[in-house]
Amino acid sequence: TSSAGGIVRVAPPEISAIDTTGAGDAFAGAFVAALHRSATIDDAIAAGVAAGALACTHAGAQRWPATS
């Protein structure tokens, strides 16, 4: 992560995207959960980016945690 002038940039992980359905929801959920655990904004954004990227590796909406 890098912060400059109030902008936080997080490099996304390299993935093979299959479907972006749910990526924003996964980002938001992980971001808020990290803030609830008292993470810094930078760490919360990084958690959201990781969750959003993971959501893109499966087709369609997924239940979380995955049950299979």
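This is a predicted model: local features need pLDDT of at least 70, side-chain atom pairs count only at pLDDT 80 or more; totals for chains, interfaces and linings use all residues.

A: Helices (H or I, at least four residues) and strands (E, at least two) are runs assigned by DSSP and numbered from the N terminus. By that definition the protein has two helices and two strands, and from the N terminus on they follow the order β-β-α-α.

Residues are numbered from 1 along each chain as its sequence is written, and side-chain values use heavy atoms, with hydrogens and water left out.

pLDDT is the predictor's confidence in each residue, on a scale from 0 to 100. The protein averages 87, and 84% of the residues score at least 70.

Next, the length of the helix. The expected span of a helix is 1.5 Å times one less than its number of residues. α1 has 14 residues and reaches 20 Å from its first C-alpha to its last, close to the 20 Å expected at 1.5 Å a residue.

Which residues of α1 are buried? Buried means under 20% relative accessible area, exposed means over 50%, and partly exposed lies in between (1.4 Å probe, protein chains only). In α1 the buried residues are Ala23, Ala30 and Ala34. They lie on the same side of α1, because they cover an arc of only 40 degrees around the axis; the arc is that of the directions from the helix axis to the C-beta atoms. The face turned away from this buried side carries the exposed residues Asp25, Val32 and His36.

What covers the buried residues of α1 includes α2, where contact means heavy atoms within 4.5 Å. The cover also works in the other direction: for the buried residues of α2 it includes β2 (7–9) and α1. Those buried residues of α2 are Ala44, Ile45, Gly48, Val49, Gly52, Ala53 and Ala55. Gly48 also has a C-alpha atom 6.3 Å from that of Ala28, although the two are 20 residues apart along the chain. Ala28 belongs to α1 and is partly exposed, with a relative accessible area of 36%.

Now the aromatic rings. Rings of Phe, Tyr and Trp (its six-membered ring) pair if their centres lie within 6.5 Å; planes under 30 degrees apart count as stacked, over 60 as edge-to-face and the rest as tilted. By this rule there is one aromatic pair. The rings of Phe27 and Phe31 have centres 5.9 Å apart and planes at 10 degrees, so the pair is stacked. Phe27 and Phe31 are four residues apart in α1, which means a separation of about one helical turn. An α-helix has 3.6 residues a turn, so residues three or four places apart point the same way. Phe27 counts as partly exposed, at 29% relative accessibility.

Just after α1, Ser38 takes a positive phi of about 70 degrees. Most residues other than glycine have a negative phi. Ser38 sits in the loop between α1 and α2 (41–55) and is exposed, with a relative accessible area of 66%.
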